Amino acid sequence: MTVQEEKMMEESEEEIVEITHETPEECQRYLSSTDFCLKSDGTLTQSFELVPPNKVAKVLSKALVVRGLPWKLYTIQNNFAHNLLFLSCAVICDISTDVSWSCSAKVEIILTNFVHPNEPIRREFSGFFNNRDFEQAELYVAQCPFVRNGNIEIVLKVAADPPRGFNWDSRKMSGYVGITNLGATCYLNSLLQTLFFAQPLRKIIFKTPTETDNRSKSVVLALQYTFMDLLYSQTCIDTKKLTSAFGWSASEFFLQHDVQEMCRVLIDRVEEKTKDTSVAGEIAKLMAGTSSVTIKCLSVPFQSRKTESFYDIQLSVKGVKDIYEAFDRYCDSETLDGDNKYRTDDYGPQDAIKTNSFVKYPPLLHIHLLRFVFNPEVFNYEKVYDKFEFYREINLDKYLESDANEGTGDNIFYLQSILVHCGSSSGGHYIAYVSPNCDSQWFKFDDDVVSSITESEAIQGTFGSNEGRMTAGYTAYMLLYIKSSMLNDPSYKFSDEDIPAHLKRLYFSEKTNASENMRFSQNAYEMNVIFDDMAYLHPNTSPVDFRSIKPLSFNMPEDWSLKTICGWLSNHMGMRENNLRLWIFKKNMERTLFPFHIAPELYSASISSTFTHDSIFFAERVDDDEEPFVPGRHKMILLHTFQKMEQRVYYHGFHKVDSTKPIYDSIKNICDKNYILFNERSLIFYEHEKFVAKRVKNTHDSIQEIFDNEEDVLSIIVQTQYDSNLDIEDIKYPFNNVAVYLKDLPNQYTIYFHDIDSDLKGADFLIHASRYLPFSGLFQQASRHLDVNPKYFRLLRYNQY
């Protein structure tokens with residue numbers, strides 16, 4: 001019982017009547033209907049009988065099935081003058097309430113006004129619904145004019161995205177499959193879906209020879225595999241083959257790149273691969289256009305004309321109404337005068353007119369909308385949320401040179417894909433809207449979930465807003481148009497025959513043998529691995545704590561040995577087997593998680609007989625010529641530096657050292673290789689236990705002499721001491737050495753600062769400070785960030801909501 005219900009029950013001891021308008025069997029019949037599951041929106045009109053004043057009624061409406069979820073209206077009536085109206089998305093029938101799911105939706109509740117139909121009471125909600133929280137509206141109304149014949153009428157409208165965590169079958173619901181987000185790879189997923197549906201481009205990619213390519217390093221072969229997955233897989237796919245071919249490490253899955261730059265990289269790789277093949281020059285023929293710049297002097301008989309090829313057109317959106325106005329501005333004439341005169345060889349500086357125009361458009365027209373612009377005042381990029389209109393069909397005849405070879409009428413383009421961004425310049429989420437046949441049927445590709453949407457949602461819904469970020473939602477960032485003549489040309493259509501026979505054999509052979517080779521079953525061993533470069537993702541507030549890093553999980557056959565698994569992981573990460581060394585995490589004497597050496601004899605035994613299912617492994621990349629780790633003779637060092645100016649601890653990798661050598665020599669050798677400042681004045685600390693650092697006083701002693709414990713790994717922190725004649729040593733910092741800093745770390749918290757005059761949400765900068773820092777000290781630290789005297793600003797509590 002909710003708090004509202006309890007309060008009502010305390011106020012009234014009236015009889016409670018529970019009413020339902022639908023049986024679970026009826027709901028199950030709705031849920032089994034494909035038409036209902038495909039619906040992205042719907043409307044339900046429900047009449048409720050007004051209960052007498054001496055009763056309280058809980059009434060559950062019929063189900064409005066949208067996106068496979070039964071949306072219901074739940075009302076509690078108490079004398080109607082204090083009517084409380086709830087909306088809940090119920091999980092019923094064979095769906096357990098323990099299943100965690102969420103669904104982004106816009107919901108509107110309308111209470112019908114029978115006397116004045118144009119004046120109903122409305123309540124709107126938008127956000128994420130789930131099986132634990134329900135949106136609610138409180139409606140306090142008089143009986144008249146909302147009651148007729150003892151009944152009230154409520155209209156429920158729901159527009160929802162496909163639910164996550166729910167049994168949503170993208171292939172069944174849309175005919176297409178999504179791509180799993182590996183961390184922050186939504187930009188790559190959206191781009192791949194956009195390129196895949198450009199059938200002429202898909203044909204060229206499949207026709208590019210890859211028979212002799214290295215399967216772990218060829219980007220084009222990996223791209224062919226990804227497109228095969230999108231064609232034939234029944235479930236969502238991943239991009240691990242492609243990211244491995246790029247040479248990405250595990251940490252790069254969590255770094256978001258600009259999607260336009262990623263598009264350029266992919267197309268360049270494909271075009272480079274097609275050289276000296278049967279499809280040489282096909283990428284340029286499909287995607288490259290020609291533009292010209294003409295400069296005509298006003299006072300002398302001189303004219304210059306220069307042409308160049310382009311693969312995308314960059315259009316401004318700030319203060320621009322629509323795509324035609326953007327092209328007008330792109331082709332506007334510019335007067336070159338004053339200090340900006342055009343310099344000629346024969347006539348010197350001259351006033352001139354500069355004109356941009358197009359000579360030829362490519363069949364596949366890629367338009368990049370400049371949503372991110374550099375602001376020199378803050379020396380950073382900012383996102384432009386301005387409303388910018390574009391259209392399903394555009395005619396670009398007027399922007400061609402008057403003497404261009406291309407005839408009029410052949411420059412009509414149809415919109416096929418919209419790559420959209422939601423968020424700010426510092427981060428966000430990418431999705432793709434695609435119309436496979438350039439018609440009114442559109443689909444939304446949101447990572448692993450694919451669903452049908454309306455044309456207005458895809459086009460008008462991504463224009464942006466002149467009212468700023470809060471109302472802009474998803475904004476179009478890249479547009480892909482296809483020339484109308486290409487749509488009607490059968491030679492550009494993709495068919496199954498365009499896939500090389502050798503690629504089909506290789507692909508389907510791997511898919512057939514995958515289940516046998518990996519034996520993914522309930523008896524598989526789930527191996528949890530933290531790769532060494534994932535430690536760089538740890539916040540720079542403390543030495544690396546491996547307990548805070550989420551490992552990657554891989555299902556392995558129980559009878560595989562650690563040696564076999566090491567080879568599989570190496571191949572999975574695009575490495576040679578001898579370049580990977582595994583460690584096992586254990587709790588050390590201080591109860592923190594640390595890597596420990598795995599004895600060589602354990603590599604031959606089956607993993608399930610040697611390690612428990614909750615084991616976590618550490619995968620270290622090593623060089624080809626690096627000698628094996630020998631316990632006792634070697635130690636591994638987790639190297640950190642403490643930056644006193646920033647009051648931060650930075651991680652610098654996992655390094656093997658000879659424990660018989662002086663610790664100073666070992667640390668200096670590592671620092672020199674990694675370009676870290678280290679000298680005789682530098683202080684060396686080691687993490688004795690959590691939040692406790694002790695200084696190494698005799699730095700010319702060997703590591704064995706200093707550390708007589710049996711642990712294989714040491715956490716070392718270097719603090720650079722600057723020359724005494726530098727002003728930096730005279731500055732008073734909250735913590736002047738790492739030992740004091742770590743001791744106070746449990747007492748520290750993060751304070752976010754936001755400019756009260758800014759329209760953007762989020763922090764402008766942040767400070768990590770001790771809870772014992774006086775308020776005057778907080779002012780001093782904020783003044784350093786702002787470069788403003790503390791007496792010229794004030795601090796207020798900020799509520800970002």
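Me: Which residues are linked with K321 in a network of salt bridges?

Reply: This is a predicted model, in which local features need pLDDT of at least 70 and side-chain atom pairs count only at pLDDT 80 or more, while totals for chains, interfaces and linings use all residues. Residues are numbered from 1 along each chain as its sequence is written, and side-chain values use heavy atoms, with hydrogens and water left out. A salt bridge is a side-chain nitrogen of Lys or Arg within 4 Å of a carboxyl oxygen of Asp or Glu. The network joins K321 with D322, K387 and E389.

Me: How far apart are the closest N and O atoms of D322 and K321, and is D322 buried or exposed?

Reply: Buried means under 20% relative accessible area and exposed over 50%, with partly exposed in between (1.4 Å probe, protein chains only). D322 has a relative accessible area of 10% and is therefore buried, whereas K321, at 49%, counts as partly exposed. The closest N and O atoms of the pair are separated by 3.9 Å.

Me: Why does the salt bridge of R305 with E401 tie together separate parts of the sequence?

Reply: The closest N and O atoms of R305 and E401 are 2.8 Å apart. Helices (H or I, at least four residues) and strands (E, at least two) are DSSP runs, numbered from the N terminus. R305 belongs to strand β12 (residues 303–310) and E401 to the loop between β21 (393–395) and β22 (412–424), so the bridge connects parts that are 96 residues apart in sequence.

Me: What is the relative accessibility of R305, and what is that of E401?

Reply: R305 counts as partly exposed, at 46%. E401 counts as buried, its relative accessibility being 12%.

Me: Which residues touch the most other members of the largest nonpolar core?

Reply: A nonpolar core is a set of buried Ala, Val, Leu, Ile, Met, Phe, Trp, Tyr and Cys residues joined through side-chain atoms within 4.5 Å. The largest such core has 59 residues, and those touching the most other members are L191, L201 and L266. Its largest share, nine residues, comes from helix α8 (residues 219–232).

Me: Over which ring does the charged end of R202 sit?

Reply: A charge sits over a ring if NZ of Lys or CZ of Arg is within 6 Å of the ring centre and within 35 degrees of the ring normal. The charged end of R202 is 4.6 Å from the centre of its ring, which belongs to F494.

Me: Which backbone oxygen does the side chain of H640 reach?

Reply: H640 is placed in strand β32 (residues 634–643) and is buried, with a relative accessible area of 1%. Beyond its neighbours within four places in sequence, H640 is in contact (heavy atoms within 4.5 Å) with residues including P543, V649, Y651 and I717. The side chain of H640 lies 3.1 Å from the backbone oxygen of L638.

Technical notes
A polar contact is a pair of N or O atoms within 3.5 Å; within protein, one must be able to donate a hydrogen and the other to accept it, and residues adjacent in sequence count only if both atoms are side-chain atoms.
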